[in-house]
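Come along and keep the coordinates open beside you.

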Amino acid sequence: MRTLLITVLFFCAGRVIAQDSLSNMLDKEMATSTATKKQYTYATFKGTQLVNSRTIETLGKHELDFRVAHRFGDIGGEYGGEKSFYGLENSTDVKIGFDYGITDRLTVGIGRAKGAAAVRQLYETSLKYKLLRQTEDGSMPVTVTAFGNLVASSMASNAKANTPDHFNNFSDRLSYTSQLLLARKFSDRFSLMVMPTYVHTNYVIHNDQNDIYAAGIGGRLKISKRVALVADYFKVFRNKASTAALKANGLTFYNPFGAGLEFETGGHVFDFTFTNSTAILENQFIPYTTTSWAQWRFRWGFNLSRIFSLKKNK
């Protein structure tokens with residue numbers, strides 16, 4: 001509770017600096033579009049993240065985005081209910097990160113996550129680059145952004161072999177995610193995105209897969225000036241032999257699905273979410289979601305973003 005209070009105070013303290021940064025970003029994008037021959041679509045999504053997934057949006061040049069994400073415990077099921085105050089007394093994962101706009105199209109990021117699988121104490125570095133932009137005249141119907149990250153664990157190695165957290169060397173601590181994010185803004189109210197995804201984990205237990213492919217879909221429906229419905233879903237493709245072998249050992253994986261409400265208030269975006277995923281990073285929630293909506297094993301969560309402009313005013 002104290003950590004949450006400190007986080008809220010931090011964001012309030014930055015209000016003077018960041019109050020209008022989102023509006024400034026949108027104004028800058030509109031001005032750039034007007035000055036060119038082609039009119040580009042802007043603000044396909046309000047922020048750089050939906051529920052679990054990233055979006056096609058990149059930061060403006062010299063913009064710094066401070067992000068906090070949190071996933072609580074199960075609302076229902078064996079570990080939920082009143083005894084855990086419907087999951088609010090527990091925490092499955094927490095992430096704190098910074099993203100920075102090198103250019104209007106290129107964003108770099110660093111972060112630290114608790115981790116929700118056997119492998120924890122995770123450091124992330126990431127790159128996001130906007131390849132194509134949707135145009136108002138329809139000559140380019142979608143916006144396309146490439147995303148990739150590298151995640152390393154700093155936890156002590158488990159002495160027991162054939163466990164996910166047993167590391168013989170440093171490379172065993174690494175995992176990677178690559179995504180191509182394709183989105184279209186159909187109207188001022190509705191945007192849709194698809195996300196072909198590849199996750200590689202250097203070290204996995206026997207019968208698990210190093211390479212996991214997934215297909216994601218996400219959307220945003222604006223319901224008022226500052227409130228929108230957001231959702232995303234990933235269909236994970238595991239081979240039948242691996243799925244059967246892991247299930248025989250008590251490991252059953254589910255497709256991650258999340259939904260929530262997005263609030264935009266001045267300088268920050270706040271997402272109040274529900275998801276069956278316990279982890280925050282793609283490297284974990286895509287291949288290793290072990291909880292199901294059908295079993296009431298989903299959780300409250302939030303994503304909080306505060307954008308600061310580091311560009312000097314002339």
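Entry 1: I began with Tyr198, which is partly exposed at a relative accessible area of 26% (buried means under 20%, exposed over 50% and partly exposed in between, with a 1.4 Å probe and protein chains only). Tyr213 is also partly exposed, at 49% relative accessibility.

A note on the ground rules: this is a predicted model, where local features need pLDDT of at least 70, side-chain atom pairs count only at pLDDT 80 or more, and totals for chains, interfaces and linings use all residues. Residues are numbered from 1 along each chain as its sequence is written, and side-chain values use heavy atoms, with hydrogens and water left out.

I then counted ring pairs and found 16 aromatic pairs in the structure (rings of Phe, Tyr and Trp, the last by its six-membered ring, with centres within 6.5 Å; planes under 30 degrees apart are stacked, over 60 edge-to-face, the rest tilted). Tyr198 and Tyr213 form a tilted pair, because their ring centres are 5.2 Å apart and their planes stand at 40 degrees. Tyr198 belongs to strand 7 and Tyr213 to strand 8, 15 residues apart, so I logged the pair as a link between distant parts of the chain (strands are DSSP E runs of at least two residues, numbered from the N terminus).

Next I checked Phe263 and Phe270: with centres 6.5 Å apart and planes at 35 degrees, this pair is tilted. Phe263 is partly exposed at 29%, and Phe270 is partly exposed at 26%.

I also noted a cluster in which ring pairs link Tyr233, Phe257, Trp293, Trp296 and Phe298.

**Entry 2: charges.** Which ring does Arg133 lie over? I found Arg133 over the face of Tyr40, 3.8 Å from the ring centre (the test is NZ of Lys or CZ of Arg within 6 Å of the centre and within 35 degrees of the ring normal). Arg184 lies over the face of Phe186, at 5.4 Å from the ring centre.

I looked at Glu264 in strand 10 (residues 257-265) too. Glu264 is buried, at 9% relative accessibility. Its side chain makes a polar contact of 2.7 Å with the side chain of Arg226 (N or O atoms within 3.5 Å; within protein, one must be able to donate a hydrogen and the other to accept it, and residues adjacent in sequence count only if both atoms are side-chain atoms).

**Entry 3: strands.** Strand 1 (residues 63-74) has 11 of its 12 residues buried. I saw strand 1 pair with strand 12 (residues 299-309) in the antiparallel sense over 10 bridges (pairing needs at least two DSSP bridges), and Leu64 has Phe308 as its bridge partner in strand 12.

Strand 4 and strand 5 (residues 143-153) are antiparallel over 10 bridges, with Asn149 as the bridge partner of Ser126.

**Entry 4: cores.** The largest nonpolar core has 19 residues, and those with the most contacts inside it include Phe45, Leu181 and Met193 (buried Ala, Val, Leu, Ile, Met, Phe, Trp, Tyr and Cys joined through side-chain atoms within 4.5 Å). Strands 6, 7, 8 and 9 each give two or more residues to this core. Apart from it I found another core of seven residues, among them Ala113, Val119, Leu122 and Leu281.

Conventions
Helices (H or I, at least four residues) and strands (E, at least two) are DSSP runs, numbered from the N terminus.
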